[in-house]
Amino acid sequence: MVDCENRVRLDAYHDGELSPAERSDVEAHLRDCPSCAAELAAIRGMSGAFADAAPREPSHEQLLQMARSVRAEPSDARMLLRLFRGTAVAAAVLLACALAAAVYLSQRNRAAAHEAMVLDHVAIWSQSATFATGPVSDERQSEQQVLLAQWIADDLRGRQEER
């Protein structure tokens, strides 16, 4: 048989997959190329032979036997499924650990920030009491101490008040 560059399009021509322009090109070629015409006739004959054959329904016993044989032999798909399940479980555990670590570190950083804020307020209050330009009355100093103590208590309870 002669190798012809149009032979690759014969299956598509037979199946009706070509555009009208391509179809007319193949039809013109078939008139001039006996090798491609014979190949198309063989494709049509094979297609006709399979078109007449009706598929046989397997019996119930055949289906059961096929199911038993599939279950009996380990297949690559089942091995891949087991591997995938193991990998998925490991990934889920790793993700849970990462989330727990992130929450822990977030809480730890938040607590450190609160502690730093408390220390800043204590330092500012101490400086203002130490470097006061005028005499601070006992009542004013007591009021500042109560406010600072209230702020620290609120902060320790987790409530933040904007001041």
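1. A definition to begin with: the expected span of a helix is 1.5 Å times one less than its number of residues. Helices here (H or I, at least four residues) and strands (E, at least two) are DSSP runs, numbered from the N terminus. Helix H3, with 19 residues, reaches 27 Å from its first C-alpha to its last, close to the 27 Å expected at 1.5 Å a residue.

2. A word on what you are looking at. This is a predicted model, in which local features need pLDDT of at least 70 and side-chain atom pairs count only at pLDDT 80 or more, while totals for chains, interfaces and linings use all residues. Residues are numbered from 1 along each chain as its sequence is written, and side-chain values use heavy atoms, with hydrogens and water left out.

3. Now the overall layout. The protein has six helices and zero strands, and its elements run α-α-α-α-α-α from the N terminus on. Of its 163 residues, 14% are buried; buried means under 20% relative accessible area, exposed over 50%, and partly exposed in between (1.4 Å probe, protein chains only).

4. Do look at the core. A nonpolar core is a set of buried Ala, Val, Leu, Ile, Met, Phe, Trp, Tyr and Cys residues joined through side-chain atoms within 4.5 Å. The largest one has 11 residues: Cys4, Leu10, Ala12, Tyr13, Leu18, Val26, Leu30, Cys33, Cys36, Leu40 and Ile43. Helix H1 (10-15), helix H2 (20-32) and helix H3 (34-52) each supply at least two residues of this core. In soluble globular proteins, nonpolar side chains tend to be buried together.

5. Ser35, Cys36, Glu39, Leu40 and Ile43 are its buried residues. Seen down the axis of H3, they fall within an arc of 135°, so they line one face of the helix; the arc is that of the directions from the helix axis to the C-beta atoms. Pro34 and Asp52, on the other side of H3, are exposed.

6. H2 can be read in a similar way. This helix has 13 residues and reaches 19 Å from its first C-alpha to its last, close to the 18 Å expected at 1.5 Å a residue. The buried residues of H2 are Val26, His29 and Leu30. They cover an arc of only 105° around the axis, which puts them on the same side of H2. Pro20, Arg31 and Asp32 are exposed on the face turned away from that buried side.

7. Which side chains pair up as salt bridges? A salt bridge is a side-chain nitrogen of Lys or Arg within 4 Å of a carboxyl oxygen of Asp or Glu, and by this rule the count comes to two. In one, Glu39 meets Arg7 (3.0 Å, N to O). Glu39 lies in helix H3 and Arg7 in the segment before H1, so the pair ties together parts that are 32 residues apart in sequence. Arg7 counts as partly exposed, at 24% relative accessibility.

8. The other salt bridge joins the side chains of Arg23 and Glu27 (3.8 Å, N to O). Being four residues apart in helix H2, Arg23 and Glu27 are separated by about one helical turn. Arg23 is partly exposed, with a relative accessible area of 32%, and Glu27 counts as partly exposed at 30% relative accessibility.
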